Amino acid sequence: GVSGGGMHGSMSPPDFEMGGQMMINGMDSQTYEMADKEAKREKLNAVVIETMNFLGMAQNTDRFVRLLEKAEVTSIQDVEVLNQVKCETLSLPWELVTALQKRVNVWKMDMVDDAD
């Protein structure tokens with residue numbers, strides 16, 4: 001049998017975290033992080049584009065995307081936690097952010113429907 005304490009090492013060693021050498025799907029974790037970030041940003045951009053088209057403001061999409069990136073809002077999750085105070089601090093247009101949040105909610109509900 002396995003001596004007790006086999007599961008004791010569930011805390012990963014710090015160098016394992018920091019080294020970025022963990023392999024995930026054949027990529028090291030930094031590449032994976034990058035790919036993951038990129039995927040999240042693409043998703044966010046898709047929702048931004050939809051929202052801006054919906055508002056009839058498609059011509060401002062690029063500007064809004066740049067503002068979001070400057071504010072380090074790079075994923076749907078980042079959008080969901082924004083509130084008016086944060087938007088003012090980050091100089092994000094609150095009206096657009098609320099429209100985006102509404103869109104995100106609709107979009108998430110669609111995703112849930114697809115899962116069935």
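This briefing describes the fold, core, salt bridges and selected residues of a single protein chain. The model is predicted. Six helices and two strands make up the protein chain, and from the N terminus on they follow the order α-β-β-α-α-α-α-α. The structure contains five salt bridges, and its largest nonpolar core comprises 19 residues.

**Overall composition**

- The protein chain has 116 residues, of which 23% count as buried.
- Where contacts in the protein chain join residues at least 6 apart in sequence, 52% of them link residues at least 24 apart.

**The largest nonpolar core**

- Within this core of 19 residues, the members that touch the most other members are Val48, Phe64, Leu68, Val73, Leu92 and Leu100.
- Helices α2, α3, α4 (76-80) and α6 each contribute at least two residues to this core.
- The most is given by α6, which supplies five residues.
- Beyond its neighbours within four places in sequence, Phe64 is in contact with Val48, Met52, Pro93, Leu96, Val97 and Leu100.

- Thr61, Phe64, Val65 and Leu68 are the buried residues of α3.
- These residues lie on the same side of α3, because they cover an arc of only 100° around the axis.
- Exposed residues are found on the other side of α3, namely Asp62, Arg63, Arg66 and Lys70.
- Phe64 and Leu68, both buried in α3, are also among the core residues that touch the most other members.

**Salt bridges around Arg41**

- Side chains of opposite charge can pair when their charged atoms come close.
- Glu38, Arg41 and Glu69 are joined in a network of salt bridges.
- In the salt bridge between Glu38 and Arg41, the closest N and O atoms are 4.0 Å apart.
- Both of these residues belong to helix α2 (residues 29-54), where they are three residues apart, about one turn of the helix.
- The side chain of Arg41 also forms a salt bridge with that of Glu69, at 3.4 Å from N to O.
- Arg41 is in helix α2 and Glu69 in helix α3 (residues 61-70), so this pair ties together parts that are 28 residues apart in sequence.

- Arg103 and Glu50 meet through their side chains in a salt bridge, with an N to O distance of 3.3 Å.
- Arg103 is part of helix α6 (residues 94-115) and Glu50 of helix α2, so the pair ties together parts that are 53 residues apart in sequence.
- Both partners count as partly exposed, with relative accessibility of 22% for Arg103 and 34% for Glu50.

**Gln101, a buried polar side chain**

- Gln101 is located in helix α6.
- The relative accessible area of Gln101 is 16%, so this residue is buried, under the 20% cut-off.
- The backbone oxygen of Val79 is reached by the side chain of Gln101 at 2.9 Å.
- With neighbours within four places in sequence left aside, the contacts of Gln101 are Val79, Glu80, Leu82 and Trp94.

**Loop residues with positive phi**

- Glu72 is found in the loop between α3 and α4, just after α3.
- Although Glu72 is not a glycine, its phi is positive, at about 60°.
- Glu72 counts as exposed, with a relative accessibility of 66%.
- Ser91 occupies the loop between α5 (84-89) and α6.
- Ser91 likewise has a positive phi, of about 45°, although it is not a glycine.

Methods. Residues are numbered from 1 along each chain as its sequence is written. This is a predicted model: local features need pLDDT of at least 70, side-chain atom pairs count only at pLDDT 80 or more; totals for chains, interfaces and linings use all residues. Side-chain values use heavy atoms; hydrogens and water are left out. Helices (H or I, at least four residues) and strands (E, at least two) are DSSP runs, numbered from the N terminus. Buried means under 20% relative accessible area, exposed over 50%, partly exposed in between (1.4 Å probe, protein chains only). A polar contact is a pair of N or O atoms within 3.5 Å; within protein, one must be able to donate a hydrogen and the other to accept it, and residues adjacent in sequence count only if both atoms are side-chain atoms. Contact means heavy atoms within 4.5 Å. A nonpolar core is a set of buried Ala, Val, Leu, Ile, Met, Phe, Trp, Tyr and Cys residues joined through side-chain atoms within 4.5 Å. The arc is that of the directions from the helix axis to the C-beta atoms.
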